Amino acid sequence: MTEGDEKDRIAELEAHVADLERDFQEFPAVTSHDLMEPARAIAGFLALIEESCGGRMDEGEKRYFKFAVDGASRLQRMLTELLQLSRVPTKGKAFAPVDLNEILSLALDALEEPIGAAECAVSRDVLPVVSGDAVQLLKVFTELIENVLSFAGDARPPHVHVSGAVEDVDGVRTATISFADCGIGIAPKFHDAVFVVFRRLHPRTETSGVGAGLALCKRIVEHHGGRIWVESDSDEGSTFRFSLPCAVATEP
């Protein structure tokens with residue numbers, strides 16, 4: 001094989017890999033979108049059955065029917081979350097300076113009712129300005145606060161402290177944002193697992209989510225050129241941290 005043939009072969013393989021990566025990225029979006037219609041149809045017909053036959057069901061039949069309704073609802077939520085995950089790289093806006101103080105305030109406003117119901121205390125430091133998509137970063141903030149509410153435990157009212165620090169990482173001004181809570185904590189062996197889509201560490205009876213929130217946070221943060229991780233131990237609270245590039249010429 002000549003040098004020219006080898007280069008052509010490498011170029012062909014690279015093009016093939018690019019096609020496979022594109023298909024792999026598109027698969028969740030196409031699958032979740034196509035499955036959404038039959039999922040809605042199942043939920044719709046279950047509602048019609050309940051309206052027509054609900055009064056004639058005995059207690060056992062009602063119990064089984066509730067399992068079916070809950071399953072259809074959970075399937076719809078999972079497909080919605082999967083669609084959101086797949087759209088992170090393609091549906092976002094062009095990156096621009098984002099004041100994370102404003103993003104945190106918007107997240108707290110959006111979650112005012114559940115925060116109040118849980119009697120959750122939120123403390124905050126001044127946060128930096130980063131480069132990113134404000135809508136996607138708002139999703140990260142709301143998901144992390146909702147995570148605090150979901151896994152607060154019963155020992156004491158939930159509390160979360162949101163802080164930020166800026167440092168040079170390989171010559172790039174990088175912000176690290178931290179959400180520190182006093183909840184049930186996460187054993188070290190599960191620190192990576194919590195960011196895997198639909199991977200649940202607790203029974204569905206204990207939490208209402210479908211297990212995609214932290215995976216969505218990871219996808220968004222990595223799309224922004226950063227990373228996300230958790231520092232925690234069982235029964236000792238958790239601190240979720242994520243890094244993002246700072247906006248140019250911006251100080252914390």
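The structure holds zero disulfides (pairs of cysteine sulfur atoms within 2.5 Å). This is a predicted model, in which local features need pLDDT of at least 70 and side-chain atom pairs count only at pLDDT 80 or more, while totals for chains, interfaces and linings use all residues. Residues are numbered from 1 along each chain as its sequence is written, and side-chain values use heavy atoms, with hydrogens and water left out.

**Buried cysteines**
- Cys-217 is buried, because its relative accessibility is 1%; buried means under 20% relative accessible area, exposed over 50%, and partly exposed in between (1.4 Å probe, protein chains only).
- Cys-246 is also buried, with a relative accessible area of 10%.

**Helix α3**
- Helix α3 spans residues 100-110 and has Leu-100, Ile-103, Leu-104, Ala-107 and Leu-108 as its buried residues; helices (H or I, at least four residues) and strands (E, at least two) are DSSP runs, numbered from the N terminus.
- The face turned away from the buried side of α3 carries the exposed residues Glu-102, Asp-109 and Ala-110.

**Contacts of two residues**
- Asn-147 lies in helix α5 (residues 134-150) and counts as buried at 14% relative accessibility.
- Not counting residues up to four places away in sequence, Asn-147 touches Leu-214 and Phe-240, where contact means heavy atoms within 4.5 Å.
- With that same exclusion, the residues that Phe-179 touches include Phe-141, Val-160 and Phe-242.
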